[in-house]
Structure formats: structure tokens, C-alpha cells
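Welcome! Here is a short report to read alongside the structure. Keep the 3D view open as you go.

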Amino acid sequence: MADEKLHMNIVVAGHVDHGKSTVIGRLLADTHTLPDGKIEGIRELCRRTGKPFEYAFLLDALKDERAQGITIDTARCFFETEKRKYIIIDAPGHIEFLKNMITGASRADAALLVIDAAEGICENSRRHGYMLEMLGITQIAVLVNKIDLVGYDRAVYDGIVRDYTAFLHTIGITPAVFIPVSAMEGDNIASHSARTPWYDGPDVLEELDRFEGGGHEDKKPLRIPVEDVYKFTEGGDDRRIVAGLCESGSLRAGDEVVFYPSGKSARVKTLEEWFMDADPARRPLEFSRGKSCGFTLETQIYVRRGEIACKAGEEAPAVGRTFRASMFWLGKSPLVPGKEYIIKSCTAKTVCRVAKIHSVLDAASLGKTTDAKQANRHDIADCTIICEREIAFDIGASLPATGRFVIVDNYEISGGGIITEILPDEEGMKGSSAAVSPAERAKYLRQKPLTVSVPDEETGRSLERALFEEGRIAYYAPRLSDEQKNALLSAGLIVLTAGDGEIEATGNLAEDVTAVLLASDNALEV
Amino acid sequence: MQYSHLDMLESRSIHILRESYSAFKNLCMLWSIGKDSTVLLCLARKAFYGHVPFPLVHVDTHYKIPEMIEYRDRLAMAWNLDMIYGENREALDQKETFPDGRATRIECCRRLKTEALTHTLAGDWPRYRLNHTTGLYEVDPNREPFTGVIVGVRADEEGSRSKERYFSPRDRAGDWDADDQPPEFWGQYKTDFAPGTHVRIHPLLDWTEVDIWEYIRREGVPVVSLYFNHGDGKRYRSLGCWPCTKPVDSDASTLDEIIEELKSGKFARVAERSGREQDKEDGGGLEELRRGGYM
């Protein structure tokens with residue numbers, strides 16, 4: 001494509017009133033992104049109303065104009081350097097909007113964290129620093145702003161650098177770059193300021209251009225969480241395509257892939273991508289990080305959503321039900337041990353419980369409570385989590401995308417966590433009340449329970465017989481309530497029914513038997 | 001492998017489409033026939049390898065430019081789309097519309113679009129489904145409500161849309177609480193919801209108008225010819241109902257010329273919806289409509 005400059009998302013975070021809007025306004029002004037005469041207009045308005053000029057007014061003015069139909073976006077501003085295009089995400093500094101800050105910041109590749117030189121490190125300076133770290137944003141430049149208000153005093157700057165570096169150390173972050181700036185006066189934003197001769201580091205624009213963009217070569221092991229296996233038969237299409245987003249590593253045809261937690265493996269037959277023009281020159285040779293991809297396998301194995309495709313010979317993920325995690329809580333009701341929650345880790349989704357809260361941290365004050373009974377909104381909890389089903393995962397510090405999860409409480413995403421330690425599952429068994437676990441039952445019956453929708457009675461009866469002869473316990477019951485169906489499934493049966501099934505029988509007996517066997521095979525390999 | 005900006009946008013949108021397909025049993029996609037939702041339709045074909053495994057829903061105000069309806073049905077037949085349309089029959093019969101002089105533009109939008117859409121999604125007004133054998137629309141016996149609705153809005157279109165999430169819940173009345181939205185991070189979306197509510201899904205949220213046109217050029221997405229100048233120095237930049245949508249003055253008659261015009265030419269600093277009269281009628285009108293379910 002012609003002139004496709006790379007894009008980078010930058011989030012501007014920090015405590016309320018420490019000058020985030022001013023920094024953004026100044027960046028727009030100094031990169032000549034603003035319409036002609038805009039700044040002069042605001043200066044004139046300020047002169048007339050007797051207010052001191054502020055770049056933040058510029059953003060407000062753009063917002064008003066936008067409402068009247070001009071295209072500049074204030075929730076997301078755009079500007080451009082020689083090197084690339086930047087999209088700025090403005091993160092609200094108020095604690096009430098922490099979930100909005102997290103939503104915005106999680107889309108960023110790098111962050112500018114603004115601290116007021118005069119006011120010093122405040123509650124949300126620390127909280128935002130902590131959240132950026134948890135969200136996986138490792139490229140952070142700390143702007144010590146309003147340096148003009150302290151008379152460009154190096155001692156004040158050094159004090160903030162010392163204290164904030166110490167804070168970053170306590171939460172395990174490599175000290176970031178610090179830049180003394182005055183967004184109002186333009187010091188060290190787009191050029192080096194003569195008023196801070198004691199500072200010889202980069203200005204803000206230089207630092208932004210130094211950040212690394214996404215999409216560079218990825219040496220990490222392959223991780224493609226399976227979103228689905230597609231088989232669209234329309235038009236005679238008989239491909240079974242495993243689809244998912246490549247979170248790390250790369251994949252080519254001929255690679256041997258292993259799916260976890262099942263541990264099944266097969267060789268990749270084709271990489272699949274659809275183009276409207278069906279141009280063979282566009283056929284992919286490799287999929288790598290960031291690509292929503294799909295591939296077919298040489299041998300038919302039954303894999304499903306929730307597994308992670310990995311490459312044989314590369315580092316494998318952990319498989320288990322129990323792990324320790326560091327978690328931020330956003331829920332309206334507190335996080336409490338013992339309660340059932342839904343956990344989503346990549347495409348895996350299961351029920352989980354918090355077995356123990358080891359400690360709770362107030363990210364603003366860094367106050368730690370070790371005997372907490374619960375974690376409240378905005379707290380960070382170190383806890384042990386036990387899942388009902390086995391999932392595949394990594395340690396967050398080595399592979400972030402597959403080493404984290406969210407917790408759903410009462411239909412809402414209420415927390416996010418980073419997996420810090422794999423724990424043996426025995427610990428997880430404690431407190432489990434089921435006399436016979438679903439896994440044990442499946443192993444005994446040599447089948448995994450599932451539902452098969454059958455088109456008519458004849459198909460149902462003959463499929464039931466054929467599966468019986470294969471040693472499987474299937475039961476044909478065309479009309480079932482959800483309750484009845486769940487009871488049969490809990491008992492470990494393969495249920496043939498008229499309703500919605502995980503598999504749709506076609507009426508071709510041999511094909512249907514194979515499909516059911518593939519689908520209920522898991523238990524044999526436990 | 002170095003992916004481009006368009007590759008990354010495409011990949012995120014496909015991920016959202018696939019997550020929707022996995023999470024929602026009663027899923028549909030709104031197709032306004034405009035360029036954005038047509039790009040979305042092509043992204044769905046890409047996500048599902050040439051197939052579109054859910055119905056497309058079009059709200060027919062019966063004031064659309066006729067060429068748009070012809071184009072809709074032509075593509076629906078050619079691409080084997082499960083095509084459904086809905087309408088506000090009562091308002092049309094009673095002539096309670098702006099062109100009939102019996103409603104303001106905003107009231108007209110509310111009746112012919114918002115109300116028609118709400119009831120079509122809920123299934124309590126008739127849905128008309130394309131029969132691919134006859135090429136005609138028939139009343140659809142399926143009246144189950146759609147719980148996941150994929151919509152092609154972009155954050156940069158106008159103010160209220162920049163507040164949207166990829167997965168945006170609507171309550172029983174179809175209302176949107178813009179001030180209290182769910183958090184969204186790490187590719188995890190709100191796919192769990194209470195009975196009676198539904199979720200709007202926005203795979204194009206991060207795309208800009210220029211991105212859309214560059215993607216149309218790169219992928220060969222067919223768009224209605226109304227977007228191009230055919231010699232009279234006029235073209236449509238945004239499509240809607242004919243009484244409320246005006247063409248803009250433009251000589252752009254090719255994709256290259258349209259992209260040039262947006263990037264550095266006469267439209268570089270003019271809003272896309274400047275030809276849409278309902279936006280101007282009252283300040284904040286669109287946000288009001290959107291809270292009530294407007295696209």
C-alpha cells in the first residue's frame with residue numbers, strides 16, 4: 001500500500017489536574033495538527049475573558065466544534081511525526097472512571113504518565129502506574145509537568161524521580177524515562193528547553209518515536225487460542241478450519257501443532273485466508289502475532305473453543321485448575337472467597353472460585369492488608385483461584401496474552417488478573433463437594449457427555465444403536481427440558497435430541513458416528 | 001511478518017465478529033447498504049471464509065434512494081445472504097413522516113428507523129425474509145428476538161459514537177447508558193447478559209473514514225455508485241433517506257480520487273455527515289436517538 005505509515009496508540013494517564021489535557025493540546029499544537037488560527041482564537045478569547053491561556057481550553061474548544069460537525073476527535077486525538085502516526089487516548093484521571101481508564105489504556109502500546117512538579121506524586125499517579133503495569137504496558141515515559149511553576153528547579157525534579165522510581169521498584173517495574181516538562185510553556189515537548197540545562201535526555205516527541213511499535217518479529221512460542229472450528233458445508237465446502245487470533249509466535253503449513261489442555265496434536269495442512277478477488281498471489285505463507293487466522297489439519301482430531309494451539313518443540317503452556325494471581329477488582333460487589341464466578345482466559349471459559357485471598361493492596365497508598373476477608377472495588381488482590389475445568393495458561397510475566405484472565409460476576413466483567421504461579425491441583429480439591437467428579441465419570445464411561453441434535457426419530461434410533469455397539473452410552477430422547485437434558489449430561493451420557501446440540505447429525509450414519517466419537521473422545525486420553 | 005495498519009484493523013474486527021458468533025445464538029448484522037456496513041459484511045465473509053453465518057437486517061424506511069435497494073437485493077442473491085428487512089408500516093400508512101410534513105426530521109428518524117429497528121430486532125413486528133428461490137421477500141415465521149446485533153458504527157463519525165465500546169449492552173427498552181459502560185480489555189468483551197437485554201457489537205469502532213475507503217480499494221469491496229461523481233460534479237459522502245441526505249460538490253469519480261479528497265483535498269477538514277440534515281436539527285440530537293436505539 002502507498003504511504004502506509006505505522007500507527008501507535010498512546011495513552012496519557014495521571015492524577016486529575018496534573019496537566020494531561022495541556023500535554024495533549026501542546027503536542028497537537030507543536031506538531032502543527034491544529035486548524036490555522038485556532039490557537040490565536042483561543043488566546044484572544046482568554047484575553048477578552050481575563051483568563052490565563054491554557055492548552056486544555058483548546059481541547060474543550062475542539063470538543064464543542066466537534067459537536068457542531070468538525071472531525072477532530074477528543075476522546076482520541078491524532079497527530080503525526082516523521083516516523084509514524086500517533087493516536088492519543090485520553091484516560092480520565094478521576095477514580096470514578098477507573099474502568100474507563102483501563103478500557104482506554106489497554107488499547108495503548110505506550111503511555112505518558114503526567115505528574116505535577118508542584119503537587120508531587122498523588123493517589124492516581126501511583127494507581128495509574130500500577131494499572132499500566134498490570135495491563136501489560138511496559139513503555140512508560142513519566143512527564144514531570146509544570147516544571148516552570150517550581151522555577152525549573154532541578155532538586156524538585158530529582159526528588160520526584162527518586163520517589164517515583166522507588167515506587168516503581170516496589171511493584172517490580174524497571175524505572176521509566178523521566179522528562180521535566182512544562183506543557184504550558186512548551187519546555188521539552190517538541191524541542192529541548194534552554195531553561196533545563198541540567199537535563200540532557202530526550203524531549204517528549206523524541207521519546208515517543210523511540211518507543212517500539214507492535215508487529216515486530218516475535219521469537220516467543222506460538223499461542224493461538226481456538227475461537228471455533230468452522231465447517232460451513234454450503235456450496236460443497238468440506239474444510240474444517242480451526243480459527244483463532246495469533247497471540248504470539250508464528251505458524252506455517254507443515255508445522256506440528258499441539259492443542260492444550262487436551263494434548264492432541266496434528267500437522268497443519270493449509271493456512272486459510274479468504275479474499276474476495278481469490279488472487280492466489282495473496283495466499284498467506286505464515287501467520288504471526290496479531291493476525292486473526294485459520295488453518296486446516298492433516299488428520300481429523302476433535303478440538304474445540306477454549307484450547308490453545310501451540311507448536312511441538314516449543315515451550316508448552318501449563319495445564320491445570322489452580323493458580324495464583326494478582327488481580328484488580330472493578331466489581332460493584334466485593335470479591336469474596338468461596339463464591340462462584342465465571343473466569344475467561346483467552347477463549348476458555350469456566351466456573352471458578354477464589355480459594356484464598358493472600359493479601360489486598362491499595363494501589364494508591366500501597367497499604368497492604370494480609371488478613372482481608374474480601375477485595376473491594378479498585379483493590380488489587382493476591383489470591384489463589386481454582387477453576388472447575390482444566391485450562392491451559394502461561395505465567396503472565398513470560399507470555400502476557402495467555403497469562404491473564406477476567407472474572408465475570410453477575411454478567412459483568414468485574415476484575416482482571418495476571419497469573420503469577422502455577423499451583424498443584426490437589427490443593428484445589430479441598431472443599432470440593434462432588435463425590436464423583438465429571439472427569440472421573442467421563443474416564444470411567446470412556447466418553448465425554450455431549451448433546452447431538454438429530455433431525456428425526458429414525459436417525460436418532462439408528463445412531464443410538466451404532467454408538468452402543470461402539471461401547472458408548474447414548475440415549476435418544478427427542479423432547480427434553482433443559483433440566484432433564486442437564487441431568488442426563490451430568491450422568492455422563494451422550495444425549496440425542498431434537499433441540500440444539502453441540503453436533504448436528506446429518507442422517508448419514510457413518511459420518512455421524514465418526515463425528516460423535518471424535519467429539520466424545522477426550523475422556524479416553526485423560 | 002510485518003502487518004500494516006489496515007491488516008491490524010481487519011484482524012481486530014474479525015476477532016470481534018468471531019467472538020460474537022461464538023457467544024450469541026440469535027445474532028444478526030445490520031446492513032444499512034452504506035460503505036461502512038458493506039465493509040463490515042465483507043469482513044464477515046473474510047472471518048467465516050466466504051460464508052455469512054447469520055442474517056443481515058435492513059431497516060427499510062421506504063425513503064431510501066432506489067438504487068440502494070436494488071444493490072442490496074443484487075448482492076444478497078449473489079452472495080447467498082440470509083436477508084431480512086423490517087419497517088414501520090403504521091407510520092408509513094398514517095403518513096406520520098417528515099416528507100409528508102407530519103413530523104420533524106428527528107421525529108421521522110425515530111419512527112422510521114429507531115422504532116422499526118427496535119421492533120424488528122425484538123420480533124414483535126413482521127420481518128420479511130428473502131426467498132432465494134423466488135427472489136422475493138416473505139413474512140418470516142421466526143419471531144425470536146435477536147440478542148446480539150452487529151453494527152458498523154465508527155468512533156470518529158460524530159461525538160456520541162466515540163464513547164461506544166466494542167460490545168455495548170442495551171437494556172430491555174433498548175436504552176444505552178453512555179455514562180456507565182462495562183470495562184473492556186485484553187480482547188475480553190461483554191458476552192454475558194441478563195435475559196431480556198441485548199448487546200450491540202461494533203467491530204468497526206477503530207476505523208476512520210479514510211481507513212474504510214482504503215480498505216474498499218485494497219479488497220475490491222463493491223459500493224453503491226452514488227458515492228461517485230458521474231459527471232455532474234456531485235456525489236454522496238454519506239447515504240441515508242433521500243429527503244434528508246444531500247450530495248456534496250465533488251469531482252471525485254474513482255476510489256483514488258475519493259481517498260485523495262479525504263486525505264489532503266477539500267474534505268480533509270469537513271465532517272462526513274455534513275450532508276445529513278437530522279444532525280443539525282438539534283444539538284445532541286443523535287446522542288438522544290442513540291440512547292433510544294438509533295444507529
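## Val39(B) and its surroundings

Start in chain B, where Val39(B) sits in helix 2, the stretch covering residues 35-47. Keep in mind that this is a predicted model. Is Val39(B) buried or exposed? It counts as buried because 25 C-beta neighbours lie inside 10 Å, and the cut-off for being buried is 20 or more.

Which residues does Val39(B) touch, once its neighbours within four places in sequence are set aside? Its contacts are Ile212(B), Tyr215(B), Ile216(B) and Val221(B). Take Ile216(B) as an example: 177 residues separate it from Val39(B) along the sequence, yet their C-alpha atoms are 7.0 Å apart in space.

## Helix 2 of chain A

Now move over to chain A. Its helix 2 runs through residues 38-49, which makes 12 residues. From first C-alpha to last, this helix reaches 17 Å, close to the 16 Å expected at 1.5 Å a residue.

What follows helix 2 of chain A? There you will find Gly50(A), with a positive phi near 75°.

## Chain A as a whole

Let's zoom out. Chain A contains 12 helices and 25 strands, and its C-alpha trace spans about 90 × 60 × 45 Å along the principal axes. The chain has 526 residues, of which 42% count as buried.

Definitions and conventions: Residues are numbered from 1 along each chain as its sequence is written. Chains are lettered from A and ligands numbered from 1 in the order in which they are written. This is a predicted model: local features need pLDDT of at least 70, side-chain atom pairs count only at pLDDT 80 or more; totals for chains, interfaces and linings use all residues. Helices (H or I, at least four residues) and strands (E, at least two) are DSSP runs, numbered from the N terminus. A residue is buried if 20 or more other C-beta atoms lie within 10 Å of its own, exposed if 12 or fewer, and partly exposed in between; C-beta atoms are placed from the backbone. The expected span of a helix is 1.5 Å times one less than its number of residues. Two residues are in contact if their C-beta atoms, placed from the backbone, lie within 7 Å.
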